[in-house]
Amino acid sequence: MGQLAVRFITESEVKGEGNGMLLGIDVGGTFTDAVVVDNGKILAIAKKPTTQGNLLNGIVEAIDKVLEHIAPAHIQRVALSTTVVTNSLVEGKTEAAGLLLIPGPGMNIAGLLPVEPFILSGYIDHRGREVSRPNKREVENVVQQLKGCRTLAVAGKFAVRNPAQEQLVAGWVRETYAPEHVTMGAQVSGTLNFLRRANSAYFNATVWRIFQMFAAAITKAVADRGIKAPLYILKADGGTMPLSHAEDVPVEAIFTGPAASVLGVMAMAAPESQAVSLDIGGTTTDIALWENGVPLFAPGGARINGFPTAVRSFWLRSVGVGGDSYVRRENGQIVVGPMRFGPAMALGGAQPTVSDAMRLLELTQYGEFELAELAMQRLANPNQTAADVAREVLGIAAGLISQAIRDMLAEQAAAPVYKVEDIVYGREFQPQMVLGVGGAAGGLAPMVAAELGVPCIVPPGAMVANAIGAAIARPTTEITLRADTAQGYYTVPELGIKQEFDKGKFSLDTAWTLAAGHLRERAAASGMAEAVADMERLYEEEFNVVRGFYTVGKIITCKLQIKPGVLITVTAKESAGV
């Protein structure tokens, strides 16, 4: 492994604040990477095989390697992007969880949820008013049918406007059944869309125990190595949250690998024009779209196993092509991926891979050239050389990635238009460049760019971009405040707050002031007090409440967040292989 020379501009240089070493860890499908970043440069890099079945072993090996010549006491922060939540959901290794819903009348949700829910009485209307009260006996009967489920989720249709019934039912469940954890929908998301909140709450309940075990293990492993710095977990929207906070909402830790790669690109080579970034790892290629230096976010939220959720995430697409993708012939034709059977033959594996093709064409220097040649010869027709096969393999792999990008662009073009300027001026997305990161980016990203007819950049540090992204990700959280001045109360669903106020003294400015205070409160409780300097207003809404012919009040909604992004910007000057 060579040395990586990178120049950073840190916030401390700009603001004159203190600084310390940041340890970033990314658990990928093939490798677990770790980096230590300190005041303008990367001090150490480690790349260890991911230990499938026990991710912790690979993580610990990467930590030990990266700290070989660094005192653990110098680490100021540890941030981790992990596949533990994603893998458990994708592979169906989650825990059975019960889902209790309070949908009220007029909503048919049959077939729209990943599990058959229990429908409860009770109803909060669109104004947040309680129309009918839940029935405690009914809840007691339901939980008796959920014996064996140690985690439960409760979601009410308009709980973001009045969380009282969610809290009441959750309290009855705890009192009657004493499960180990109850997830409430309004705490997972403060945004309207009952179906997304219900799905989010359910998935959160199914991965809660798995994440608890992982969190306890990683906490102990870090402590055993003398690291006293706080632990953070990356979120799907590119922010980080303290591990202690993530233990309540582990569903937010889904898709953190792709989010880490987006942050890595943001830190090293954020594109100013419309662009496509590719994180080409061993198993998959994760695609993100960029506009004006900012990655696009998924409209509404991420989809988990095909179900819409309220988990805020980058707009990403994964295609099953990576360096370790299995290459074979089927009916005489070369086929690439999506499955993998270990490392490339050039690295001692048993089956030909995309990485073998790249090694033979000297697009990478990993592994034995002769073994890579043997792998391609195994696939060659009588009239083909091994190099011919390698070029065909890479052409097919690049074609699969290019088609996924075209599908994504078509989806973007077909998305609903909500802004007048988009209707007038259009919003067609035309990428001007391809940015490649990940272990296989050097070989495949230029070929994809060529197919799209745009230039390609593979920035220095691309091979460990995800770990860099995790190390420098900014802590973030958000809150939603909705006020009904006619009824004289406001709610903050993420905090379970319903607060009365003087009806005659409430305005949009008041709402923003209160929202800022509650965001500071949430950030402080989650160990992110220092991050509130980067608050960002996401949206505001204000409309009149009319009764008869008179305006009797206003409905005011505002959403505020600590801005996701990176703590430092990378200005890499040179790089050797890592």
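This is a predicted model: local features need pLDDT of at least 70, side-chain atom pairs count only at pLDDT 80 or more; totals for chains, interfaces and linings use all residues.
Colleague: Which residues meet where H2 touches H7?

Modeller: From H2 come Leu56, Ile59, Val60 and Ile63, and they meet Phe214, Ala217, Ile218, Ala221 and Val222 of H7. Sorted by class, this contact has 9 nonpolar residues, with no polar and no charged ones.

Colleague: Now the sheet. What is the order of the strands in the open sheet of 5 strands?

Modeller: The order is E26-E25-E24-E28-E27, and the pairing is antiparallel. Strand E26 (497-500) and strand E27 (535-547) are the edge strands, each pairing on one side only. On average, neighbouring strands in this sheet are turned by 15° against each other, direction ignored.

Colleague: How many bridges link strand E24 and strand E28?

Modeller: E24 (residues 478-484) pairs with E28 (residues 550-562) over 7 bridges, in the antiparallel sense. Arginine 482 stands opposite threonine 557 in E28.

Colleague: Which helix packs on the sheet?

Modeller: Helix H16 (residues 508-525) does, touching E24, strand E25 (489-492), E26, E27 and E28. The direction of H16 makes about 35° with that of E28.

Colleague: Let us turn to the backbone. What should I expect of phi and of peptide bonds in general?

Modeller: Most residues other than glycine have a negative phi, and most peptide bonds are trans. Here, glycine 337 and proline 338 are joined by a cis peptide bond, with omega about 0°. Proline 338 lies in strand E21 (residues 333-340).

Colleague: Where is asparagine 331, and what is its phi?

Modeller: Asparagine 331 lies in the loop between strand E20 (325-330) and E21. The phi of asparagine 331 is near 55°, a positive value in a residue other than glycine.

Colleague: Is asparagine 331 buried or exposed?

Modeller: Exposed means over 50% relative accessible area. Asparagine 331 has a relative accessible area of 81%, so it is exposed.

Colleague: What about glutamate 362: what is its phi, and where does it lie?

Modeller: Glutamate 362 is not a glycine, yet its phi is positive, at about 60°. Glutamate 362 is in the loop between helix H10 (354-360) and helix H11 (369-379). With a relative accessible area of 52%, glutamate 362 is exposed.

Notes
Residues are numbered from 1 along each chain as its sequence is written. Side-chain values use heavy atoms; hydrogens and water are left out. Contact means heavy atoms within 4.5 Å. Helices (H or I, at least four residues) and strands (E, at least two) are DSSP runs, numbered from the N terminus. Ala, Val, Leu, Ile, Met, Phe, Trp, Tyr, Cys and Pro count as nonpolar, Asp, Glu, Lys and Arg as charged, and the others, Gly among them, as polar. Two strands pair if DSSP finds at least two bridges between them. Axes are lines fitted to C-alpha atoms, for helices over the stretch in contact, and angles run from 0 to 180 degrees between N-to-C directions. Buried means under 20% relative accessible area, exposed over 50%, partly exposed in between (1.4 Å probe, protein chains only).
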